Amino acid sequence: MTGEDWHVVWFTAWVSASSTLAILPFGLALAWVLARRNWPGKSLLETFVSLPLVMPPVATGLILLKILGRRGAIGGWFHDQFNLDIIFTWRAVLIALGVMSFPLLVHFARVAFEEVNPRLEQIARTLGAGGWRVFFTITLPLAARGITAGLILAFARALGEFGATIMVAGNIPGKTSTLSLSIFQNVQLGEDSHAFRLLGVSVVLAFAAVWSSQFLMHRKCKTK
Amino acid sequence: MSLLLKNVSLPLAHFTLKVDFEVRSRVTAVFGPSGAGKTSLLDLVAGLRAARSAFIQLDDCVLTDTAKSISVPVHQRGIGYVPQDLALFPHLSVRRNLLYGRKSGGAGDPLFSFEHVTDVLEIQPLVSRGVTELSGGEKQRVALARALLASPRLLLLDEPLASLDSPLKEKIIPYLSRIRDEFRIPTLCVTHDRFEALALADEIVVLVDGRVVQTGPVPEVFTRPANAEVARLVAIETLQPGSVIRMSEGLATVSVNRVTLTALAPAATSHEVLVCIRGEDVILQRDAASASSVRNRLSARVLSLRPQGALVRVELDAGFPLFALVTRSACAELNLREGEPITALIKAPAIHLVPR
């Protein structure tokens with residue numbers, strides 16, 4: 001493993017974890033609204049949120065490229081206001097990973113919220129707890145296992161993301177290169193042994209993430 | 001306490017809950033068959049459901065007034081609610097469940113101390129346990145204590161005994177009576193069990209298909225049902241105060257107006273009881289019969305005969321007023337006439353003793 005390889009590993013782990021944490025509050029808010037509220041046209045929002053899960057990742061990447069580019073609605077505004085570029089920077093990687101793993105988090109968190117008996121929340125309110133207190137002391141702890149599962153899957157999805165990332169961030173060594181992009185590039189260049197070393201690291205990272213979360217969840221159950 | 005519900009209208013799956021009543025007693029039973037809208041009524045009072053129209057006032061505080069778009073938020077109503085499934089928080093210990101309502105309000109001193117409530121309900125030894133380790137009866141007491149510790153102005157109990165089996169039910173009733181007598185919190189208690197209502201409530205609201213069909217003091221409603229529907233639901237023709245003289249081998253000897261009766265012993269020991277006998281459980285017989293398994297054989301006199309559909313309601317003087325329901329044909333065969341003597345037979349299990 002070269003220094004550049006370690007940089008790729010570190011960057012991938014960091015940007016995946018950051019994107020997962022960044023989507024957490026929005027994902028939980030949306031999941032809660034979908035689980036607990038009804039309104040006409042709710043299914044449209046549900047479909048829209050699920051789109052990145054079913055669309056080709058490259059297509060999602062293309063949409064992001066258009067929106068986040070200097071001439072795009074969001075990218076243009078950032079460029080004009082802050083002289084900040086998104087495309088082909090780590091920010092683009094972060095956004096691409098977040099967008100691609102968002103539906104998984106929302107799906108799992110929504111199921112977890114739906115499994116919390118609403119009667120428990122209602123009774124907590126009769127005991128004098130306001131909406132936020134009910135959410136943080138009843139809903140969230142009872143949905144924690146499902147949400148944790150959603151977070152792990154979102155993180156794992158981010159670790160392996162390829163299509164959307166390469167569209168919006170390219171594969172710039174030392175800048176936007178992630179594990180998946182590096183493996184692909186090494187295979188393209190015929191450096192299979194290099195690719196296999198990175199593959200090994202991917203397996204270790206994924207294994208560590210899933211195993212440690214399972215360990216945490218078991219410990220949580222025992223301390224209850 | 002006064003709880004006023006006016007112009008309440010709430011569409012439910014099969015009918016619209018429409019109620020209009022006021023209760024002033026300490027414990028009021030909302031009585032009715034399953035699916036009559038009882039739980040929805042409690043939800044409305046607690047603010048957990050929004051009615052199409054409603055005016056709900058507790059003492060001098062308007063909780064809901066749809067005409068003026070007033071609806072006090074659930075967490076500011078100060079109404080304790082023990083639902084049928086108890087809704088104990090499974091991820092919290094018994095102690096944290098009990099203290100959940102304590103941390104919220106903050107305003108004013110709590111009505112009762114933690115020690116007092118846990119003492120009365122005998123849950124002191126349980127506080128460090130997890131709620132999943134509790135038995136059914138223990139869970140029930142913890143849920144009651146949790147509601148009380150939040151210092152409610154009104155307590156709503158939804159079928160507090162429905163999920164318990166018979167022996168456990170009889171163990172919980174004394175705790176509910178203690179809550180009534182010790183903490184003196186106005187209570188609205190949903191039930192479909194006549195004896196539960198008799199044991200706990202002062203007043204009763206009979207609800208059928210979303211409509212109030214009768215309200216009044218419990219003994220009055222039970223002995224003088226307003227119509228055939230209420231009669232079918234609640235009627236216990238004979239309700240007499242009595243005193244338990246002795247208990248042995250699962251049987252209780254009770255004195256009612258100096259007449260001794262044998263009944264099954266209630267689980268809760270109480271000297272003063274309400275003796276309940278349904279009219280259809282009283283058998284009338286002409287001759288002083290030979291030996292039989294019936295434990296109560298009373299010499300009585302027919303006071304009046306009142307036809308009720310296919311049946312005749314026979315009022316008897318057996319040393320206390322006793323009512324029997326017999327078919328018209330039986331009445332003719334026995335040649336029952338006012339003023340004549342007759343023997344009334346009642347099996348011991350047909351006499352229900354409700355501790356008072």
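# Briefing: strands, salt bridges and a surface patch

B:Val30 has B:Val190 as its bridge partner in strand 9 of chain B. This is a predicted model. Over all chains, the structure holds 14 salt bridges. Chain B also has an open sheet built from five strands. On chain A, four nonpolar residues form a patch on the surface.

- Strand 3 of chain B spans residues 27-31 and is mostly covered, with five of its five residues buried.
- In a regular strand, side chains alternate between the two faces of the sheet.
- In strand 3 of chain B, both faces are covered. B:Val27, B:Ala29 and B:Phe31 are buried on one side, and B:Thr28 and B:Val30 are buried on the other.
- Strand 9 of chain B, residues 187-191, runs parallel to strand 3 and is joined to it by five bridges.
- Strand 10 of chain B, residues 203-208, also runs parallel to strand 3, with four bridges between them. Here B:Thr28 has B:Glu203 as its bridge partner.
- B:Thr187 belongs to strand 9 of chain B. B:Thr187 counts as buried because its relative accessible area is 6%, and buried means under 20%.
- Not counting residues up to four places away in sequence, B:Thr187 touches B:Arg26, B:Val27 and B:Thr28 as well as B:Leu154, B:Leu155 and B:Leu157.

**The open sheet of chain B**

- The five strands follow the order 14-13-12-15-21, and their pairing is antiparallel.
- Strand 14 (259-264) and strand 21 (351-355) of chain B stand at the edges. Each has a single partner strand, so one side of each is left without a neighbour in the sheet.
- On average, neighbouring strands of this sheet are turned by 45 degrees against each other, direction ignored.
- Strand 12 (residues 238-248) and strand 13 (residues 251-256) of chain B run antiparallel and are joined by five bridges. In strand 13, B:Thr253 is the bridge partner of B:Arg246.

- B:Leu5 sits in strand 1 of chain B, residues 3-11.
- Its relative accessibility is 0%, so B:Leu5 counts as buried.
- Leaving aside neighbours within four places in sequence, B:Leu5 is in contact with B:Val19, B:Asp20, B:Phe21, B:Leu41, B:Val45, B:Phe55 and B:Ile56.
- One of these contacts, B:Val45, is 40 residues from B:Leu5 in sequence. From C-alpha to C-alpha, B:Leu5 and B:Val45 are 8.6 Å apart in space.

**Salt bridges in chain A**

- Side chains of opposite charge can pair when their charged atoms come close.
- A:Arg36 and A:Glu121 meet through their side chains in a salt bridge, at 2.8 Å from N to O. The pair links distant parts of the chain, 85 residues apart. A:Arg36 lies in helix 1 (residues 3-36) of chain A, and A:Glu121 lies in helix 6 (residues 118-126) of chain A.
- A:Arg36 and A:Glu121 are both buried.
- A network of salt bridges links A:Glu46, A:Arg110 and A:Glu114.

**Salt bridges in chain B**

- B:Arg286 and B:Glu340 form a salt bridge, with their closest N and O atoms 2.7 Å apart. B:Arg286 lies in the loop between strand 16 (283-285) and strand 17 (296-308) of chain B, and B:Glu340 lies in the loop between helix 10 (328-334) and strand 20 (341-346) of chain B, so the pair ties together parts that are 54 residues apart in sequence.
- B:Arg286 is partly exposed, at a relative accessible area of 32%. B:Glu340 is partly exposed too, at 25%.
- B:Arg278 and B:Glu280 form another salt bridge, where the closest N and O atoms are 3.7 Å apart.
- B:Arg278 has 18% relative accessibility and therefore counts as buried. B:Glu280 is partly exposed, with a relative accessible area of 45%.

**The nonpolar patch on chain A**

- A:Phe48, A:Leu51, A:Leu53 and A:Val54 make up the patch. Together they have about 410 Å² of accessible area.
- A:Val54 lies in helix 2 of chain A, residues 42-54.
- A:Val54 counts as exposed because its relative accessible area is 68%, and exposed means over 50%.

Terms used: Residues are numbered from 1 along each chain as its sequence is written. Chains are lettered from A and ligands numbered from 1 in the order in which they are written. This is a predicted model: local features need pLDDT of at least 70, side-chain atom pairs count only at pLDDT 80 or more; totals for chains, interfaces and linings use all residues. Side-chain values use heavy atoms; hydrogens and water are left out. Buried means under 20% relative accessible area, exposed over 50%, partly exposed in between (1.4 Å probe, protein chains only). Helices (H or I, at least four residues) and strands (E, at least two) are DSSP runs, numbered from the N terminus. Two strands pair if DSSP finds at least two bridges between them. Patches are made of residues with over 30% relative accessible area and no salt bridge: like charges are joined within 9 Å, nonpolar side chains (Val, Leu, Ile, Met, Phe, Trp, Tyr) within 5 Å. Accessible areas come from the Shrake-Rupley method with a 1.4 Å probe; for residues, only the protein chains shown count as cover. Axes are lines fitted to C-alpha atoms, for helices over the stretch in contact, and angles run from 0 to 180 degrees between N-to-C directions. Contact means heavy atoms within 4.5 Å.
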